[in-house]
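I opened this notebook to record what I looked up in one structure. The entries follow the order in which I consulted it.

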Amino acid sequence: MMLWNCRGQLSVLEVVLPVVIFSDVQDTFNSCNMIWLEPKDVWSTAFILYTATVGFFGPLLIICLCYLLIVIKVKSSGARAGLTKRRRSERKVTRMVVVIVVVFVLC
């Protein structure tokens, strides 16, 4: 549990670090904005890709792998149960996994 907590805090730091490094207050607009190095379009694109990878695609990959392992485990352990009960259980677990992943992607 402590490992997940430490990893979660490190992940937040990984996402926030570029914002801390590149943000500054612009006196003319009196607002806080990202001040990119030259070439600005490359740094901006890199930031978007980095944030999407660390904040969305990385966790999505981990979630999908973990749920895939759950589905595989349910299918392999279902041999002990009856055929009808096993199929119903497999469908329920598979449906739950799909719903959770879809909700993660949509939210």
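The entries below go from the overall layout to single residues.

**Entry 1. Ground rules.** I noted that this is a predicted model, in which local features need pLDDT of at least 70 and side-chain atom pairs count only at pLDDT 80 or more, while totals for chains, interfaces and linings use all residues. Residues are numbered from 1 along each chain as its sequence is written, and side-chain values use heavy atoms, with hydrogens and water left out.

**Entry 2. Layout.** I looked up the secondary structure and found three helices and two strands. Here helices (H or I, at least four residues) and strands (E, at least two) are DSSP runs, numbered from the N terminus. Along the sequence I read the pattern α-β-β-α-α. I then looked up burial, where buried means under 20% relative accessible area, exposed means over 50%, and partly exposed lies in between (1.4 Å probe, protein chains only). Of the 107 residues in the protein, 12% are buried. For contacts, I used heavy atoms within 4.5 Å. Among contacts between residues at least 6 apart in sequence, 38% join residues at least 24 apart.

Entry 3. Most peptide bonds are trans. Pro39 sits in the loop between β2 (31–34) and α2.

**Entry 4. Helix α2.** This helix covers residues 40–77, which is 38 residues. From its first C-alpha to its last it reaches 54 Å, close to the 56 Å expected at 1.5 Å a residue. The expected span is 1.5 Å times one less than the number of residues. Where is the kink in α2 centred? I found it centred on Thr53, at about 40°. The bend at a residue is the angle between axes fitted to the seven residues ending there and the seven starting there. I also listed the buried residues of α2, which are Phe47, Leu60, Tyr67, Val71 and Val74.

Leaving aside neighbours within four places in sequence, Tyr67 is in contact with Val97, Ile100 and Val101. The C-alpha atoms of Tyr67 and Ile100 are separated by 9.3 Å, although the two residues are 33 residues apart along the chain. Val74 touches Ser89, Glu90 and Val93, again not counting residues up to four places away in sequence.

**Entry 5. Aromatic rings.** How many aromatic pairs does the structure hold? I found three. Rings of Phe, Tyr and Trp (its six-membered ring) pair if their centres lie within 6.5 Å; planes under 30 degrees apart count as stacked, over 60 as edge-to-face and the rest as tilted. The rings of Phe56 and Phe57 have their centres 5.0 Å apart and their planes at 75°, so this pair is edge-to-face. Phe56 and Phe104 form a stacked pair, 5.7 Å centre to centre with 5° between the planes. This pair links distant parts of the chain, with Phe56 in helix α2 and Phe104 in helix α3, 48 residues apart. Ring pairs link Phe56, Phe57 and Phe104 into a cluster. I recorded relative accessibilities of 25% for Phe56, 49% for Phe57 and 26% for Phe104. Phe56 counts as partly exposed, as do Phe57 and Phe104.

**Entry 6. Thr51.** I found Thr51 in helix α2, partly exposed at a relative accessible area of 27%. Leaving aside neighbours within four places in sequence, it is in contact with Val15 and Phe56. Thr51 and Pro18 are 9.2 Å apart, C-alpha to C-alpha, and 33 residues apart in sequence.

**Entry 7. Cysteines.** I searched for disulfides, counted as pairs of cysteine sulfur atoms within 2.5 Å. The count comes to zero. Cys64 is partly exposed at 33% relative accessible area, and Cys66 is partly exposed at 40%.
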